[in-house]
Amino acid sequence: MASQRGESLETAAPRRKGLDKSHYLYIAVIVAVVLGAVVGLLFPEVGKSLKPLGDGFIKLIKMMIAPVIFCTIVLGIGSIAKAATVGKVGGLALGYFVIMSTFALAIGLVVGNLIHPGEGLKLAPYDPNKKAATDSTVDFLLGIIPGDIPVLPTLLAAILVGFALQKMGAQGAPILKAIGHGQALVFRILIMIMWLAPVGAFGAIAAVVGATGVQAIVSMFTLMIAFYITCALFIVVILGGLLQVVAGVNIFKLMKYLAREYLLIFSTSSSEAALPRLIAKMEHLGVSKPVVGVTVPTGYSFNLDGTAIYLTMASLFVANAMGTPLDLGAQISLLVFMIIASKGAAGVTGAGLATLAAGLQAHRPELLGGVGMIVGIDRFMSEARALTNFTGNAVATVLVGTWVKEIDGGQVTRVLSGELPFDEQTMMAGHGEMAPKEEGAREAAKA
């Protein structure tokens, strides 16, 4: 038994420990949402008085927007440069990722415009200069949290720095490495903040339900159900259709082959936990090592289909809930921003929420108050996000392998039919680990 575990599973203990912590946070958020809804329904005035708890959590998230955007964009541009140097595989993978992420964002916008999530709530707009009717202690505590850092100037600076570091070549490598360490620190702080999500969710949900009643609960459930249905249709119809037409592979057989990874993702709400296993399983499926080594790690940063759908649907939900729906022009500009800002933060707890807040702050700052409602249901939607991202990367690996003719069709058939089952010992001897050239780009996000 001990020999089966080997070196690669020596890291399983820390991951299992993280799994338990994630479960505690998940349970705490569920309890907080339920308690917040109960307080808002039974004691509306008390619920409305708890709004500063949600506001404080939103301010903490806003505090992290600029550093998250800066680090992820700079490192993301560096990752693009690395992927491009491997030639045809990198070019195909990056082109596919950009197209599919944009397509997923567009699907989110279409569905959001069809169901109009959050419509009718008419929450009060967010005004950072307006002082709430709270006592001096609450004002003092909220005032400790740093103020806003402009997002669009930060985005422009990050893009310029990223391309400048590319031009510097070897001289820029130490700076990129330092920014990678900075990203690890930023994400660590963000993860610490996310442990306050139950408090923020309790205050935000209690305040919203206290002000709007049952309608807030119905609106949140509508968004969640619509999001899950959209992700399922995207996987089965869009990804499944592409996989069948290009590679002749059935999406349901591929998903059955990855069933254990889906269970791991569902329990951790992050596709990052299954990254080493996806690499090992794609190699076992018959895709060549070079294709897997480039496509999978790059896809974890640039192919975030589930996150793209989430960002657009959540943005429309917040806008409708605040009684200020976005017109088509604003939706498209927000879509473009999300395409850029969502890259490079895959698998990081709270990164999706920070990106959502960044997009709203950059385009419609008055809508930030509605993010409090998303805090309450973000954890419920994180599984669908992670599962969709993971499936998208698995499908992309098979597609790229097919396009460059670096896939063994016979082995694919044998593996998916069950004739050649995956051996857990293939996780040993370096299998399932990132290529050294990709490790630096992912190091911070895994922290």
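A search of the whole structure finds zero disulfides, a disulfide being a pair of cysteine sulfur atoms within 2.5 Å. The coordinates are a predicted model, in which local features need pLDDT of at least 70 and side-chain atom pairs count only at pLDDT 80 or more, whereas totals for chains, interfaces and linings use all residues. Residues are numbered from 1 along each chain as its sequence is written, and side-chain values use heavy atoms, with hydrogens and water left out.

**Cysteines.** Select Cys 71, which counts as buried at 8% relative accessibility; buried means under 20% relative accessible area, exposed over 50%, and partly exposed in between (1.4 Å probe, protein chains only). Proceed to Cys 231, also buried, with a relative accessible area of 3%.

**Salt bridges.** The structure holds four salt bridges, each defined as a side-chain nitrogen of Lys or Arg within 4 Å of a carboxyl oxygen of Asp or Glu.

Begin with Lys 48 and Glu 45, whose closest N and O atoms are 3.0 Å apart. Both residues belong to helix 3 (residues 44-49) and are separated by three residues, about one turn of the helix. Helices (H or I, at least four residues) and strands (E, at least two) are DSSP runs, numbered from the N terminus. Colouring by accessibility shows Glu 45 as exposed at 57% and Lys 48 as partly exposed at 35%.

Next, select Glu 261 and Arg 277, a salt bridge in which the closest N and O atoms are 2.4 Å apart. Glu 261 lies in helix 12 (residues 259-268) and Arg 277 in helix 13 (residues 275-285), so the pair ties together parts that are 16 residues apart in sequence. Both Glu 261 and Arg 277 are buried.

Then display Lys 289 with Glu 283, a salt bridge with closest N and O atoms 3.7 Å apart. Lys 289 is partly exposed at 47% relative accessibility, while Glu 283 is buried at 15%.

An unreviewed UniProt entry lists several spans as "transmembrane region", including residues 93-115 and 300-322; UniProt positions are given in the numbering used here, feature names are shortened, and annotations may be inferred rather than shown by experiment. Select residues 93-115: the end C-alpha atoms lie 33 Å apart, and the span is 100% helix and 0% strand. Finish at residues 300-322, where the end C-alpha atoms lie 33 Å apart and the composition is 87% helix and 0% strand.
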